[in-house]
Structure formats: C-alpha cells, structure tokens
Amino acid sequence: MTDTAYDPDNIFAKILRGEIPAHRVYEDADTLAFMDVMPQGPGHTLVIPKAPARGLLDADPASLAALAASVQRVARAVKAAFEADGLTVFQFNEAAGGQTVFHLHVHVVPRFDGVPLQRHEGGMADPTVLAGHAERIRAALEV
Ligand code: AMP
C-alpha cells in the first residue's frame, strides 16, 4: 500500500495559485471549479477544494463539506447550461483508482439519454469551445 504525500507542484495546485490558466466557472473561499481540458463530454467540469489534499481519504472533513456544497451548486448549473438529461459525478483515489492528478477533484459530466461517456483523457478540447462552455455555466450560476 502506498502512502504518498501531497505534492504542492501538482497541476491543480498551480491552477489554484494562478500559475497556469484554466477556464474557471466558479470560485468561493474554499473551492474552485473549472473546465476539464480533456472532457468526456461537453460541459465536463472539475470541482476542487483549495485546501491541499491528494484525495478523499486525506481531506479535512470541513473542506469536504465545502466541496460537496460546491459540487451540488456547479452540478445544478452544468445541468441547466447544457439542458442535460442527467449528470455523472465521479472521483478517483490514487493511480490504482484511476487518479492522474493528485489534488482532490470531483468530475461533473452532463449526460444525455442514449449518449455514452467519452473515453477518460481522450484528447484536448479546443480552448475556444471550452471558453464558451465555461461562459454558459457561469451564466447558469448567476440565475
Ligand atoms: P483523474 O485524476 O483521473 O480524476 O483526472 C484528472 C482530470 O484532470 C482529467 O480528466 C484531465 O483531463 C484533467 N486535467 C488534467 N490537466 C488539466 C488542466 N490543466 N486543466 C483542466 N483539466 C485538466
């Protein structure tokens, strides 16, 4: 069993520090949401806590509570923005669990009847398209 420390140079920590860009959709004191650059469907959004944690197991419960509230808020906006029939919400822990970025994050993916989820890390999306999707979600958050 591996017991690995949090790496403050992971890519989501860099997004939180503003060192690399992201298509941001929501931010509050404890959480940030932005578009996944390799979406498994249009509108695929990630929600992360600002407090450092590799995953579910090492996160502070108060941070998890704030994350859950933001996931619900963002999920409602994503569903409305894309007029989705449903949502798939998922979270991976450690490489064995499918995790590739080791800062806790929750995926929110709009789903449509009869449309399968695209492959995880299938390919980079067009930044202009992602910017448009982020704008749609931000607009839905303001309603
Ligand atoms: P996982 O750790 O397997 O839950 O997935 C990490 C997710 O982060 C993948 O869906 C990637 O497409 C996504 N990702 C990786 N780098 C970035 C980035 N710079 N900005 C936004 N999403 C990213």
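Predicted model: local features only at pLDDT ≥ 70, side-chain atom pairs only at ≥ 80, totals over all residues.
Thr45 itself is part of strand E3. With a relative accessibility of 0%, Thr45 counts as buried, because anything under 20% does. Leaving out residues up to four places away in sequence, quite a list of partners touches Thr45, including Val25, Ala33, Phe34, Met35 and Asp36. Val74, Val78, Val106, His107, Val108 and Ile137 also touch Thr45.

A compact globule with 143 residues would have a radius of gyration near 15 Å, and the 14 Å found for the protein chain agrees with that. Buried residues account for 38% of the 143. The chain exposes about 7700 Å², with carbon and sulfur atoms supplying 57% of that area. Contacts also reach across the sequence: of those between residues at least 6 apart, 61% join residues at least 24 apart.

Helix H2, residues 61-81, is next. H2 has 21 residues and spans 30 Å from its first C-alpha to its last, close to the 30 Å expected at 1.5 Å a residue. The N-terminal end of H2 is capped by Asp60, which places a side-chain oxygen 3.0 Å from the backbone nitrogen of Ala62. The buried residues in H2 are Ser63, Ala66, Leu67, Ser70, Val71, Val74, Ala75, Ala77, Val78 and Ala81. Two of these, Val74 and Val78, have already come up as contacts of Thr45. What do the buried residues of H2 pack against? Their partners are strands E1, E2, E3, E4 (86-90) and E5 (106-111), together with helix H3.

Ser70 gives a close-up of this packing. This serine lies in H2 and is buried, with a relative accessible area of 2%. The Ser70 side chain makes a polar contact, at 2.6 Å, with the side chain of Thr31. Setting aside neighbours within four places in sequence, Ser70 is in contact with Tyr26, Asp28, Thr31 and Val47. Thr31 belongs to strand E2, which covers residues 31-35.

Helix H3, residues 127-142, is made of 16 residues and reaches 23 Å from first C-alpha to last, close to the 22 Å expected at 1.5 Å a residue. At the start of H3, a side-chain oxygen of Asp126 comes to within 2.8 Å of the backbone nitrogen of Thr128. Which residues of H3 are buried? They are Leu130, His133, Ala134, Ile137 and Ala140. Viewed down the axis of H3, these buried residues fall within an arc of 120°, so they line one face of the helix. The spacing makes sense: an α-helix has 3.6 residues a turn, so residues three or four places apart point the same way. On the other side of H3, Thr128 and Glu142 are exposed. The buried residues of H3 pack against strands E1 (24-27), E2 (31-35) and E3 (45-49), and also against helix H2. Ile137, from the buried set of H3, is among the residues that touch Thr45.

Most residues other than glycine have a negative phi. Is Glu83 buried or exposed? At 69% relative accessibility, Glu83 counts as exposed, because the cut-off is over 50%. Glu94 has a positive phi too, about 65°, although it is not a glycine. Glu94 sits in the loop between E4 and E5, and at 25% relative accessibility it counts as partly exposed.

Technical notes. Residues numbered from 1 in each chain as written. Heavy atoms only, no water. Helix = DSSP H or I, 4+ residues; strand = E, 2+ residues; numbered from the N terminus. Expected span 1.5 Å × (residues − 1). Buried < 20%, exposed > 50% of the residue type's maximum accessible area, 1.4 Å probe, protein only. Arc of directions from axis to C-beta. Contact = heavy atoms within 4.5 Å. Polar contact = N/O pair within 3.5 Å; in protein donor to acceptor, adjacent residues only side chain to side chain. Rg over C-alpha atoms; globule rule 2.2 N^0.38 Å. Areas by Shrake-Rupley, 256 points an atom, 1.4 Å probe, with all protein chains shown as cover.
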